[in-house]
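Good morning, colleagues. I would like to take a few minutes to go through one structure with you. Please look at it as it comes up.

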Amino acid sequence: MPITEADIEKIAQLAHLEITREELRVFAPQIADIITYVEQLNEVDTTNVEPMLGGLTPEGELTDSARDDIVEPSLGQKIALEEAPDAVAGHFRVPKVL
Amino acid sequence: MTRSIASQKDQILTGDTTARAVVESSVAAAERLNDTLNAFLEIDRPGAIRRAEEIDQRLKTSDDTLALAGVPIAVKDNICVRGFQASCGSKILGDYHPPYDATVIERLVNAGAVIIGKTNCDEFAMGSSNENSAFGVVKNPWDTTRVPGGSSGGSAAAVAAGIVPVALGSETGGSVRQPASLSGVIGLKPTYGRNSRYGLVAFASSLDQVGIFGRNVPDVAAVLGVVAGRDRHDATTADVPVPDYRAGLDTDIKGMRLGFPQALFGEGLDADVRASVDAATDAYRELGAEIVDVELPHAKYSIAVYYIIATAEASSNLARYDGVRYGFRAEDAPELRQMYKKTRDEGFGPEVKRRIMLGTYVLSAGYYEAYYRKAQQVRALIREDLRQAFTACDAIVTPTSPTPAFLFGEKVNNPLEMYLSDIYTVTANLAGIPGLSVPCGLSSEGLPIGMQLLGPYWSEPTLLNLAHAYLKARPFTARPQVFA
């Protein structure tokens with residue numbers, strides 16, 4: 001299925017990206033090329049093939065990652081806010097939501 | 001900086017040198033060569049020297065022998081080190097300073113290693129040439145008109161130029177092995193779950209793994225032994241014992257079976273690369289290994305599978321960069337949604353945007369089954385191919401990269417062609433198996449060529465043994481133009 005500039009604009013919306021007209025002209029054919037390339041997978045017969053979810057080895061699958069549900073020390077509010085572009089009174093401040 | 005870690009440690013322990021002297025000379029080389037190579041985004045001279053002095057003190061006052069005492073290490077800028085930036089080569093993180101150490105870093109530091117700086121890379125580890133860094137390209141020490149490979153190009157160049165003996169990088173589709181190949185050093189991508197990803201900035205979580213660069217095999221083995229193993233902060237690390245990776249390096253490889261996937265030595269493969277890898281295969285034969293034919297019928301689909309799965313995971317992982325909790329926030333955006341979009345537009349470079357859009361597309365309503373699910377099914381077939389192949393051989397030999405280092409600008413306008421640079425490496429990430437690149441010759445233009453060894457899950461000892469045996473028989477002694 002050919003991918004159009006309108007498709008790219010819609011995807012950019014979904015991904016919270018702002019795309020200029022000029023970027024659109026560059027990206028649209030490139031993404032179309034890549035999509036055409038990946039569509040070669042359609043020639044592979046995958047009837048009854050279980051998809052491989054995640055990357056775990058059999059040993060990784062067997063590893064028990066659960067721990068007791070006990071609160072442990074964490075970074076804390078002060079450190080967690082230190083890298084924020086705009087933090088105030090123990091919160092992340094954002095522009096108005098309208 | 002050409003001594004091995006082990007001999008250098010002996011010299012520190014016997015008082016012939018000090019950790020301070022070793023680290024100081026490494027920092028000096030990093031500073032001196034950075035105008036030429038742009039391998040480092042941050043070098044911490046005072047901190048590195050202070051930490052080296054502490055190591056010297058510790059060695060004097062205790063019986064600690066610290067596996068990596070005084071070893072200067074460079075770390076890719078997408079791995080968190082407290083006190084250093086973690087830009088991921090992106091404007092959107094800019095001078096972000098993580099408040100914690102990655103588990104691999106904590107383990108290196110506890111073993112006496114000294115982090116001297118953070119290395120340049122393709123933005124969010126997306127690229128095969130380092131041309132996608134927001135902070136300028138890294139130059140290949142062998143020829144500064146050429147790329148060092150990517151995405152861990154800064155770490156590869158730092159090791160190749162003799163600035164540090166070892167460096168950490170990260171792999172999602174070949175980002176350690178491919179630059180190792182193009183820069184003439186060893187690069188290891190361990191089994192998925194061997195190393196902790198805690199503190200490694202996520203690109204594609206089911207493929208990402210921390211990798212190691214070095215100029216000799218024992219050094220890579222020593223570092224792997226320190227960083228590997230289960231970590232409670234990363235649920236995908238496996239509870240598999242960590243052997244002494246240096247113990248079996250000198251094991252005789254006579255009788256080992258090496259798989260040769262003939263079909264992969266075809267179209268697009270540079271003649272010099274082909275000749276070097278063929279010669280390396282002959283060297284293995286002389287060492288008593290048996291070369292057997294293997295088939296990997298679905299390997300030709302790996303790039304297609306990779307660019308669906310990796311971009312899908314990336315579009316999700318990179319959603320967190322929104323200008324709220326850390327990093328860059330665009331100005332003059334008085335409304336929230338507008339702030340998100342403007343921040344991401346100004347913060348991300350073109351390749352990252354392209355991949356986020358691709359990933360969003362393949363996961364979007366109506367396309368999920370056609371692309372994402374299909375890719376996961378073919379991924380299962382690729383893993384099955386390898387499982388089958390490893391019933392007939394102990395490891396597989398291929399080139400690491402289809403060509404030696406290419407020129408800056410050669411592939412930037414054609415993303416698909418750039419993606420094909422990873423054709424030999426991505427299968428290991430998709431299947432979760434370990435892979436290692438080892439220098440095996442020079443092209444007619446004097447550029448390094450790498451051979452790749454792939455093995456079954458947890459076969460790092462075999463791969464290191466094979467690489468070491470090869471380099472003992474065919475030492476790689478050439479030096480790049482730019483060398484400390």
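Predicted model: local features only at pLDDT ≥ 70, side-chain atom pairs only at ≥ 80, totals over all residues.

In strand 6 of chain B, G214(B) is the bridge partner of V166(B). The strands concerned are strand 4 of chain B, residues 166-171, and strand 6 of chain B, residues 209-214, which pair in the antiparallel sense over 6 bridges. Pairing here requires that DSSP find at least two bridges between two strands. Strands (E, at least two residues) and helices (H or I, at least four) are DSSP runs, numbered from the N terminus.

Residues are numbered from 1 along each chain as its sequence is written, and chains are lettered from A and ligands numbered from 1 in the order in which they are written. Chain B has a mean pLDDT, the predictor's confidence in each residue from 0 to 100, of 96, and 100% of its residues reach 70 or more. For the model, ipTM is 0.96 and pTM is 0.97.

Let me return to the sheet. It is open, with 11 strands of chain B in the order 1-3-2-4-6-5-10-11-9-7-8 and mixed pairing. Strand 1 (40-43) and strand 8 (290-293) of chain B each have a single partner strand, so one side of each is left without a neighbour in the sheet. From one strand to the next, the twist averages 30°. Angles run from 0 to 180 degrees between N-to-C directions, and axes are lines fitted to C-alpha atoms, for helices over the stretch in contact.

Helix 15 of chain B, residues 460-473, lies across strands 5, 9, 10 and 11 of chain B, at about 10° to strand 10 of chain B. Contact means C-beta atoms, placed from the backbone, within 7 Å.

Now to the two chains: how many residues does each give to the contact? Chain B gives 59 and chain A gives 46. On the side of chain B, the largest share, 11 residues, comes from helix 12 of chain B.

Finally, helix 1 of chain A (residues 5-14) packs against helix 11 of chain B at about 95°, with the axes 9 Å apart. Helix 1 of chain A is therefore roughly perpendicular to helix 11 of chain B, the term for angles of 65 to 115 degrees. Among the residues making this contact are I8(A) and M357(B).

Key. Parallel < 35°, antiparallel > 145°, perpendicular 65-115°, else oblique.
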